[in-house]
Amino acid sequence: AETADGIIGFIHVEEERTEPYPPVVPHKYAYIVDLYVEPEHRRGGVGKALLESVKGWAKDRGLEYLELLVLDENLIGRSFYERENFKPASHKMRYAL
């Protein structure tokens, strides 16, 4: 996303497939690696517009869903994705050594 003043945000997305492993149901999906909007341009629809462009791209490619990872402590990001109807799909756990 850009204005006359320059780039104000971006989205990095990759097409992915589940591994060809017999017990796993095969899926083709879009994985959102990163979504960033400059702080002064947030809450103005830039992130939503970027996400909508990815939704169209993924549908055109016949992908089944969008997936991403957002950290639990990223409350702003989680809130944004929840407003965009993303739902939790797993619960990753970690043990610090």
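The questions below concern aromatic pairs and salt bridges in this predicted model.

User: How are the rings of tyrosine 29 and tyrosine 65 arranged, stacked or edge-to-face?

Analyst: A search of the whole structure finds four aromatic pairs, and tyrosine 29 with tyrosine 65 is one of them, with 5.0 Å centre to centre and 5° between the planes. Tyrosine 29 belongs to strand β4 and tyrosine 65 to the loop between α1 and β5, so the pair ties together parts that are 36 residues apart in sequence. Because planes under 30 degrees apart count as stacked, the arrangement of tyrosine 29 and tyrosine 65 is stacked.

User: Which kind of pair do phenylalanine 80 and tyrosine 81 form?

Analyst: Phenylalanine 80 is buried at 16% relative accessibility, and tyrosine 81 is buried with a relative accessible area of 11%. Their ring centres lie 5.2 Å apart with the planes at 70°; since an angle over 60 degrees counts as edge-to-face, the pair formed by phenylalanine 80 and tyrosine 81 is edge-to-face.

User: Which residues are linked with Lys55 in a network of salt bridges?

Analyst: Lysine 55 forms a salt bridge with glutamate 52, the closest N and O atoms being 3.0 Å apart, and both residues lie in helix α1, three residues apart. Lysine 55 also forms a salt bridge with glutamate 84, where the closest N and O atoms are 3.8 Å apart; glutamate 84 lies in the segment after α2, so this pair ties together parts that are 29 residues apart in sequence. The residues linked with Lys55 in the network are Lys48, Glu52 and Glu84.

Definitions and conventions. Residues are numbered from 1 along each chain as its sequence is written. This is a predicted model: local features need pLDDT of at least 70, side-chain atom pairs count only at pLDDT 80 or more; totals for chains, interfaces and linings use all residues. Side-chain values use heavy atoms; hydrogens and water are left out. Rings of Phe, Tyr and Trp (its six-membered ring) pair if their centres lie within 6.5 Å; planes under 30 degrees apart count as stacked, over 60 as edge-to-face and the rest as tilted. Helices (H or I, at least four residues) and strands (E, at least two) are DSSP runs, numbered from the N terminus. Buried means under 20% relative accessible area, exposed over 50%, partly exposed in between (1.4 Å probe, protein chains only). A salt bridge is a side-chain nitrogen of Lys or Arg within 4 Å of a carboxyl oxygen of Asp or Glu.
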